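Please look over the sequence and the structure shown here, and then read the report that follows.

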Amino acid sequence: MSKVAVVTGSAGGLGRGIAERLLKDGFKVVLHDINETVLNKTVAELQGEGADVIGVVGDVSSAKDQSNLVDKAVSKFGKLDVFVNNAGVDAVTPFLKIEEKELERVFKINVNGTVFGTQAAAKQFIKQGTKGKIINACSIAGHESFEMLGTYCASKHAVRSFTHTAAKELAKHQITVNAYCPGIAKTEMWDRIDAAMVKHSDGQLKPGEPFANFTAGIALQRYQQPSDVANLVSFLASDESDYITGQAILTDGGLVYR
């Protein structure tokens, strides 16, 4: 019987790359996003290729929406095996200019969303009486704190901490909780980060320079592709990773070393 995976924030970017890899691995996949238009387009494209997927619109920062997401997955496919807390947002602000609304927005999505998704998935695994795998989107920013990215880094440090705590508490149920920590990818998120850093540089940086500066330090001398992240998630979603839990694994080409 095919396994079932949920991937939040999977209408595009790294989330879609993860979903496509899990489909390739034989999973039935529930795509999820807050952007209904883009989500429907992605679902239609994948279904057109013969993929066994459905789409669920929702806000990860809502515990009710996260529970509904799991319910929809189980209603359609009969069970849940893997839950990927991929959805997240960025923020680029000098420390002295960080405002309350930025902290609330980023933590609500990146941190609350991970907690609520983990809770919803874990409750379903326990109800099923089966093992389960929860895989969280952390980042190199969950291991290192970068200038201009204070709020984002703090949120990802929190994701790493909750990954550790959940792994310890849920192990007795044979539920593993791990995180993948991407580096620098040419995504829409990094386009926004680049533009924001240029804006805050007072003319010292030109468009593309922040991205070039960050990627220059990558040991393998190339920026990340969605497949680089999806390969790790594929392993963490497989039976081969059953003895791994509570880990936040860097997949950054050699940029941050822990």
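## Aromatic residues

At 19% relative accessibility, phenylalanine 214 counts as buried, since buried means under 20% relative accessible area, with exposed over 50% and partly exposed in between, for a 1.4 Å probe and protein chains only. This is a predicted model, in which local features need pLDDT of at least 70 and side-chain atom pairs count only at pLDDT 80 or more, while totals for chains, interfaces and linings use all residues. Residues are numbered from 1 along each chain as its sequence is written, and side-chain values use heavy atoms, with hydrogens and water left out.

Rings of Phe, Tyr and Trp (its six-membered ring) pair if their centres lie within 6.5 Å, and planes under 30 degrees apart count as stacked, over 60 as edge-to-face and the rest as tilted. By this rule there are four aromatic pairs. One of them joins phenylalanine 146 and phenylalanine 214 edge-to-face, at 5.7 Å centre to centre and with 65° between the planes. Phenylalanine 146 lies in the loop between E5 and H5 and phenylalanine 214 in helix H7 (residues 209-215), so the pair ties together parts that are 68 residues apart in sequence; helices (H or I, at least four residues) and strands (E, at least two) are DSSP runs, numbered from the N terminus. The ring centres of tryptophan 190 and phenylalanine 211 are 5.8 Å apart with planes at 70°, so this pair is edge-to-face. Tryptophan 190 belongs to helix H6 (residues 188-199) and phenylalanine 211 to helix H7, so parts that are 21 residues apart in sequence are tied together. Both tryptophan 190 and phenylalanine 211 are buried, and one aromatic cluster is formed by Phe146, Trp190, Phe211, Phe214 and Tyr223.

## The sheet

Seven strands form an open sheet in the order E3-E2-E1-E4-E5-E6-E7, with parallel pairing, where two strands pair if DSSP finds at least two bridges between them. Strand E3 (53-57) and E7 are the edge strands, each pairing on one side only. From one strand to the next the twist averages 20°, with axes taken as lines fitted to C-alpha atoms, for helices over the stretch in contact, and angles running from 0 to 180 degrees between N-to-C directions.

Six of the six residues of E5 are buried, so this strand is largely enclosed by the rest of the structure. Gly132, Ile134 and Asn136 lie on one side of E5, and Lys133, Ile135 and Ala137 on the other. E4 and E5 pair over four bridges in the parallel sense, and phenylalanine 83 stands opposite isoleucine 134 in E5. Between E4 and E5 the chain crosses through helix H4 (residues 100-128) in a right-handed β-α-β crossover, meaning that, with the strands pointing away from the viewer, the path from the first strand over the helix to the second runs clockwise. E5 and E6 pair in the parallel sense over six bridges, and the bridge partner of isoleucine 135 in E6 is asparagine 178.

## Nonpolar cores

A nonpolar core is a set of buried Ala, Val, Leu, Ile, Met, Phe, Trp, Tyr and Cys residues joined through side-chain atoms within 4.5 Å. The largest has 26 residues, of which Ile18, Leu22, Val29, Leu31, Val84, Ile135 and Tyr180 touch the most other members. A second, separate core of 22 residues includes Val4, Ala73, Phe77 and Ala121.
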